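Here are my notebook entries from a look at strand pairing, salt bridges and disulfides. Have the model open beside you as you read.

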Amino acid sequence: QSQLVESGGGLVQPGGSLSLSCEASGFTLDYYAIGWFRQAPGKEREAVSCISSEGLYTTSAHSVKGRYTISRDNAKNTVYLQIHGLKPDDTAIYYCAAGTSSARYYCSDNQAQYDYWGQGTQVTVSA
């Protein structure tokens with residue numbers, strides 16, 4: 001069974017840091033672009049960061065640029081999202097998703113381009 005499993009969420013004080021992981025099982029991530037998305041209470045799910053299949057290209061939403069860093073280790077079949085300078089507005093369920101892609105220097109922020117989704121991990125930023 002092909003699945004993605006996120007981990008690393010939790011309760012963090014403003015200004016704190018977290019490291020989220022997204023591990024795939026049942027398939028290899030080598031040929032997939034990976035996106036991280038989040039959904040805050042009462043809001044639609046939005047893209048935050050993505051990384052191309054070989055890790056040669058990354059991009060992040062303007063609201064998180066400079067604070068979020070996406071990376072991948074294909075040997076471990078895992079993608080990471082490092083978050084620094086957490087704000088209360090970052091509170092959300094964070095999802096990773098995998099989309100088939102042969103592009104070396106591109107990844108999409110369009111949710112429809114992603115085939116597999118994890119169950120999400122809760123990130124709560126509060127004093």
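**Entry: strands and hairpins**

I began with strand S4 (residues 32-39) and strand S5 (residues 46-51), which pair in the antiparallel sense over five bridges.

Next I followed S5 to its pairing with strand S6 (residues 58-60), which is antiparallel over three bridges. Here serine 49 stands opposite serine 60 in S6. In the hairpin of S5 and S6 I found six residues between the strands, with glycine 55 at a positive phi near 80°.

A note on the source: this is a predicted model, where local features need pLDDT of at least 70, side-chain atom pairs count only at pLDDT 80 or more, and totals for chains, interfaces and linings use all residues. Residues are numbered from 1 along each chain as its sequence is written, and side-chain values use heavy atoms, with hydrogens and water left out.

**Entry: salt bridges**

How many salt bridges does the structure hold? I found four, taking a salt bridge as a side-chain nitrogen of Lys or Arg within 4 Å of a carboxyl oxygen of Asp or Glu.

I looked up arginine 38 and found a salt bridge with glutamate 46, the closest N and O atoms being 2.7 Å apart. Arginine 38 also forms one with aspartate 90, with the closest N and O atoms 2.9 Å apart.

Then I checked accessibility (buried is under 20% relative accessible area, exposed over 50%, partly exposed in between, with a 1.4 Å probe and protein chains only). Arginine 38 counts as buried at 7%, and aspartate 90 is buried at 1%. Glutamate 46 counts as partly exposed at 35%.

Another salt bridge joins arginine 104 to glutamate 54, the closest N and O atoms being 3.3 Å apart. Arginine 104 lies in the loop between S9 and strand S10 (116-117) and glutamate 54 in the loop between S5 and S6, so this pair ties together parts 50 residues apart in sequence. Both are partly exposed: arginine 104 at 41% and glutamate 54 at 44%.

**Entry: disulfides**

My search of the whole structure gave two disulfides, each being a pair of cysteine sulfur atoms within 2.5 Å.

Cysteine 22 and cysteine 96 form a disulfide with their sulfur atoms 2.0 Å apart. Their S-S torsion is about 70°, so this disulfide is right-handed. The pair links cysteine 22 in strand S3 (residues 18-25) with cysteine 96 in strand S9, 74 residues apart. Both cysteine 22 and cysteine 96 are buried.

A disulfide also joins cysteine 50 to cysteine 107, S to S 2.0 Å. The torsion about the S-S bond of this pair is about 75°, so the disulfide is right-handed. Cysteine 50 lies in strand S5 and cysteine 107 in the loop between S9 and S10, so the pair ties together parts 57 residues apart in sequence. Cysteine 50 is buried at 3%, and cysteine 107 is buried at 5%.

Last, I noted the pattern of the disulfides: 1-3, 2-4, with bonded cysteines counted along the chain.

Definitions and conventions. Pairing = 2+ DSSP bridges. Helix = DSSP H or I, 4+ residues; strand = E, 2+ residues; numbered from the N terminus.
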